[in-house]
Each structure stands twice: as structure tokens, then as C-alpha cells.
Amino acid sequence: MEFDIIEAPIRFQLCGLASSVRNNNFGEVGMSLMNEMWKVMKASKTATTGINHWVYLPDNQMFVGVELVEDSQCPAPLDAVVFELQRYLKHVHIGPYQALPAKWSSLKSELARRGESIYSPSLEIYGHHNDDPSKLETTILMGLMS
């Protein structure tokens, strides 16, 4: 499993929705937030990159959003939020979304083996949809302690 540890900051300005997650149902909550966000985006005709970002926060919180195209405004009731990672792991997962929990587990195990500590936030950035699940691309960014 290949990944890079990036020592340069990365910043995301996203427009979307946040929620608490109960019983580790991140997939269910994330899908619900994403569907609601896209309803608002489409109704408001807000220009976006079309790339979904799922942001995992402390205390079982998550934010699902999308980057806006230059000069676009985040429509109500969505929130404009900035997330920044100073140091992070970057891994590109190619394959079905159902394999993501196992991939996260493997990455966390490898980081622990190397003595690294995970620091929030962490993100999943979804590539554009592909009908073939084996070709789906998801970038995983895990915040690391400096």
C-alpha cells in the first residue's frame, strides 16, 4: 500500500453541511449530508468543482462539502468552512467505496507501526463518478501530528 507523508500545508475552502455521527455510521450520515448539500447546490445553481469532500472531525463529527468555483457564494442554509492540514498522509484508493473502511484501518495500523499520531481533521476526496466500481478514485488525507 503506497502513501506519502506530506510536510507542506494544504487548505480547503468548502461549502456544505455538518452533523454528529452516532454508532460509527459515517457512510450513512455522509450520504445523507451529501444528498442534502447537492439539493441546495442544484436549486441555487451555485458553480462548484463537483468534487465531494468528507471531513472527519473530533468527537464523531463530520462535514461534507464541495469547493466552489471562483466568485461563487455558499448558499444558505449551507456553511462555508475552511480546513487546513499542516502535515498529512496522502493515499489514493482505487476501487469500490465499500473497501474504504478496511483501507483506513490498514493505513492507521501502518502509521501506528511507524510511531505517527493522527490529528484531525482527516478527509476523503472523491473523484468524479465511474460506473465501474473498480475504477473509483478516492483520495484519503489523514492529518498527522507535527
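In strand β6, K90 is the bridge partner of D4. The model is predicted: local features need pLDDT of at least 70, side-chain atom pairs count only at pLDDT 80 or more, and totals for chains, interfaces and linings use all residues. Residues are numbered from 1 along each chain as its sequence is written, and side-chain values use heavy atoms, with hydrogens and water left out. Strands (E, at least two residues) and helices (H or I, at least four) are DSSP runs, numbered from the N terminus. Two strands count as paired if DSSP finds at least two bridges between them.

Strand β1 (residues 4–6) pairs with β6 (residues 88–94) in the antiparallel sense, over 3 bridges. On β8, K90 has L141 as its bridge partner. β6 and β8 (residues 137–144) run antiparallel and are joined by 7 bridges. The open sheet contains 8 strands in the order β1-β6-β8-β7-β3-β4-β2-β5, with antiparallel pairing. Its edge strands are β1 and β5 (79–85), each pairing on one side only. From one strand to the next, the twist averages 30 degrees. Angles run from 0 to 180 degrees between N-to-C directions, and axes are lines fitted to C-alpha atoms, for helices over the stretch in contact.

Strands β3 (residues 48–57) and β7 (residues 118–126) form an antiparallel pair over 4 bridges. Here H53 has I125 of β7 as its bridge partner. Helix α1 (residues 26–44) packs on the sheet, in contact (heavy atoms within 4.5 Å) with β2 (10–20), β3 and β4 (61–68). The direction of α1 makes about 35 degrees with that of β4. Helix α2 (residues 100–113) lies across β1, β3, β6, β7 and β8. It runs at about 35 degrees to β8.

D79 lies in strand β5. Its relative accessible area is 41%, so D79 is partly exposed (buried is under 20%, exposed over 50%, partly exposed in between; 1.4 Å probe, protein chains only). Not counting residues up to four places away in sequence, D79 touches L14, C15, G16, F63 and C74. D79 and D4 are 75 residues apart in sequence and 31 Å apart in space, C-alpha to C-alpha.

A nonpolar core is a set of buried Ala, Val, Leu, Ile, Met, Phe, Trp, Tyr and Cys residues joined through side-chain atoms within 4.5 Å. The largest has 27 residues, of which M37, M41, W54, M62, L78, L89 and M142 touch the most other members. At least two residues each come from β2, α1, β3, β4, α2 and β8. Helix α1 gives the most, 8 residues. Another core, of 11 residues, lies apart from it and includes F12, F83, Y88 and L123.
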